[in-house]
Amino acid sequence: MKIAIPLSALFLLLTTTLFSQTIADLKLKPKEIPKSYFLSDGQICVTNQACNFYTDIATYSNIVGVVKSKEIQSFKSKADSGSIMYIEFENRFKGDKFLQGLLWGKDGEPTDEHPEEYLAKGKFLIIWSFHPDSTIKEKSEAKIDAILQ
């Protein structure tokens, strides 16, 4: 019986941490942006599918869920450019298969032509629209993985 209290407290702590996160916590802060990159206005997507999904996500709410909030960060460097799309849903994101088909078509995974990647964790969906060797994408993925474990 003594072990049940610490386990339930640990569970409460872990779930509270996951659900208390905000998009602001997930975004790259100025000091986290590699020196060769700078923030850019608007959307910079490798393919149109990712930006169209982000822009028109309310159209897909019956498939993916209702959006609570969304934000985008776009970056440029001499050798790289792209956007990170942060989407928070009112409930858990539920459109994995739909999003895979939309982003990658019949391949079902990133390709050279459609390199976008995404992470769906709880209420959050993050889409990286960069080429695979992007330094800023790797930096963002590491940060988000650490926060949303």
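I took two strands as paired if DSSP finds at least two bridges between them. Strands (E, at least two residues) and helices (H or I, at least four) are DSSP runs, numbered from the N terminus.

This is a predicted model: local features need pLDDT of at least 70, side-chain atom pairs count only at pLDDT 80 or more, and totals for chains, interfaces and linings use all residues. Residues are numbered from 1 along each chain as its sequence is written, and side-chain values use heavy atoms, with hydrogens and water left out.

I looked up the partners of β5. Strand β4 (residues 117–121) pairs with β5 antiparallel, over 5 bridges. Leucine 119 stands opposite isoleucine 126 there. Isoleucine 87 has leucine 125 as its bridge partner in β5.

Next I checked burial (buried is under 20% relative accessible area, exposed over 50%, partly exposed in between; 1.4 Å probe, protein chains only). In β5, 6 of the 6 residues are buried, so the strand is largely enclosed by the rest of the structure. Phe124, Ile126 and Trp128 cover one face, and Leu125, Ile127 and Ser129 the other.

Then I moved to serine 134, in the loop between β5 (124–129) and α6 (135–148). Serine 134 counts as buried because its relative accessibility is 1%. I found contacts (heavy atoms within 4.5 Å) to Tyr37 and Asp80, leaving out residues up to four places away in sequence.
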